[in-house]
Amino acid sequence: MSAEAGGAQSLRLITADSLSPSTAQTGRMLRSAAISGDLVGARELWMGRTVVLPGTSSGDHHHGSSETGIYVVSGNPVFVFRDPESGSVVRLETAPGDYVWVPPHVPHREENPSPLTEAVVVIARSTQEAIVVNVPSL
C-alpha cells in the first residue's frame, strides 16, 4: 500500500541547519520552512521558523485562508493588527513561551523593538504550504 493511500510513512527529522529559505517571504523577516509539501510531503501542515532582526518590523501581510499558530522562542516580538470592531491598532507584546493565534485573512505585522536581540518564533499553519499575501497597510 502506498503512503498516498494511507499506508505506512516514516517519521522525519528536520535539523535546525537544514531549514529552507525557499518559502514565501515578507520584507524585513527571515522565514525558513521546516515542514512542507516540498520538503517532507506534508499534505495539510506547514511549519517553520521566522526571525525578526533587531530594531525592525515586517511589512504588513496576511496568510490567506491559513490559520497560523505562533510560538515565541526568544526575544519580545510585538504583533500588530487593526481591531475589526473599533478600527484601532492593537499591539500584542509577547515574551518567550507565549503563543499567538492569527485567524485567516487578518492583516498584521511583526515588530522587534529590541535594538540588540533578534526575535525568533516557530510558526505552524493549517495549510500545506506557506501562504503570504503582502499588503500596503493594516
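Colleague: Which side chain does Arg109 meet in a salt bridge at 2.9 Å, N to O?

Modeller: That of Glu111. Keep in mind that this is a predicted model. Both residues of the pair are buried.

Colleague: How many salt bridges does the structure hold?

Modeller: Three. Another one joins the side chains of Arg109 and Asp60, at 3.0 Å from N to O. Arg109 sits in strand β8, residues 108-111, while Asp60 is in the loop between β2 (46-52) and β3 (61-62). The two are 49 residues apart, and the pair links distant parts of the chain.

Colleague: Is Asp60 buried or exposed?

Modeller: Asp60 is buried, and Arg109 is buried too.

Colleague: And which residue does Glu111 meet at 2.7 Å?

Modeller: Arg91, again side chain to side chain in a salt bridge, with the distance taken from N to O.

Colleague: Why does that pair tie together parts that are apart in sequence?

Modeller: Because Glu111 lies in strand β8 and Arg91 in strand β6, residues 89-93, the bridge ties together parts that are 20 residues apart in sequence.

Colleague: Which residues are linked in the network of salt bridges?

Modeller: Asp60, Arg91, Arg109 and Glu111.

Colleague: New topic. Which residues make up the largest nonpolar core?

Modeller: There are 10 residues: Ala33, Trp46, Ile70, Val72, Phe79, Val100, Val102, Val121, Ile123 and Ala130. At least two of the core residues come from each of these strands: β4 (68-74), β7 (99-102) and β9 (119-125).

Colleague: Take Val72. What is it in contact with?

Modeller: Setting aside neighbours within four places in sequence, Val72 contacts Pro77, Phe79, Thr94, Ala95, Pro96, Gly97, Asp98, Val120 and Val121.

Colleague: Ala95 is on that list. Where does Ala95 lie?

Modeller: In the loop between β6 and β7. Its relative accessibility is 27%, so Ala95 counts as partly exposed. Not counting residues up to four places away in sequence, Ala95 touches Val72, Gly75 and Asn76. Ala95 and Asn76 are 19 residues apart along the chain, and their C-alpha atoms are separated by 4.9 Å.

Colleague: What about Gly69, which strand is that in?

Modeller: Gly69 is in strand β4. With a relative accessible area of 30%, Gly69 is partly exposed. Beyond its neighbours within four places in sequence, Gly69 is in contact with Val100, Val122, Ile123 and Ala124. The C-alpha atoms of Gly69 and Pro103 are separated by 8.9 Å, and these two residues are 34 apart along the chain.

Colleague: Which residues line the largest cavity?

Modeller: Met29, Thr50, Val52, Pro77, Phe79, Glu110 and Val121. Five residues of that lining are nonpolar, one is polar and one is charged. Phe79 and Val121 also belong to the largest nonpolar core.

Colleague: Back to the start of the chain. Where does Ser20 lie?

Modeller: In the segment before β1, which covers 29-35. Ser20 is buried, with a relative accessible area of 14%. Apart from neighbours within four places in sequence, Ser20 is in contact with Arg31, Ser32, Ala33 and Leu39.

Colleague: How far apart are the C-alpha atoms of Ser20 and Thr68?

Modeller: They are separated by 19 Å, and the residues are 48 apart along the chain.

Colleague: Last one. What is phi of His105 near?

Modeller: Near 65°, which is a positive value in a residue other than glycine. His105 lies in the loop between β7 and β8.

Conventions. Residues numbered from 1 in each chain as written. Predicted model: local features only at pLDDT ≥ 70, side-chain atom pairs only at ≥ 80, totals over all residues. Heavy atoms only, no water. Core = buried A, V, L, I, M, F, W, Y, C linked by side-chain atoms within 4.5 Å. Buried < 20%, exposed > 50% of the residue type's maximum accessible area, 1.4 Å probe, protein only. Helix = DSSP H or I, 4+ residues; strand = E, 2+ residues; numbered from the N terminus. Contact = heavy atoms within 4.5 Å. Salt bridge = Lys/Arg side-chain N within 4 Å of Asp/Glu carboxyl O. 1 Å grid on protein atoms, 1.4 Å probe; cavity = no way out; pocket = protein on both sides within 12 Å on 5 of 7 lines; lining within 4 Å. Nonpolar A, V, L, I, M, F, W, Y, C, P; charged D, E, K, R; others polar.
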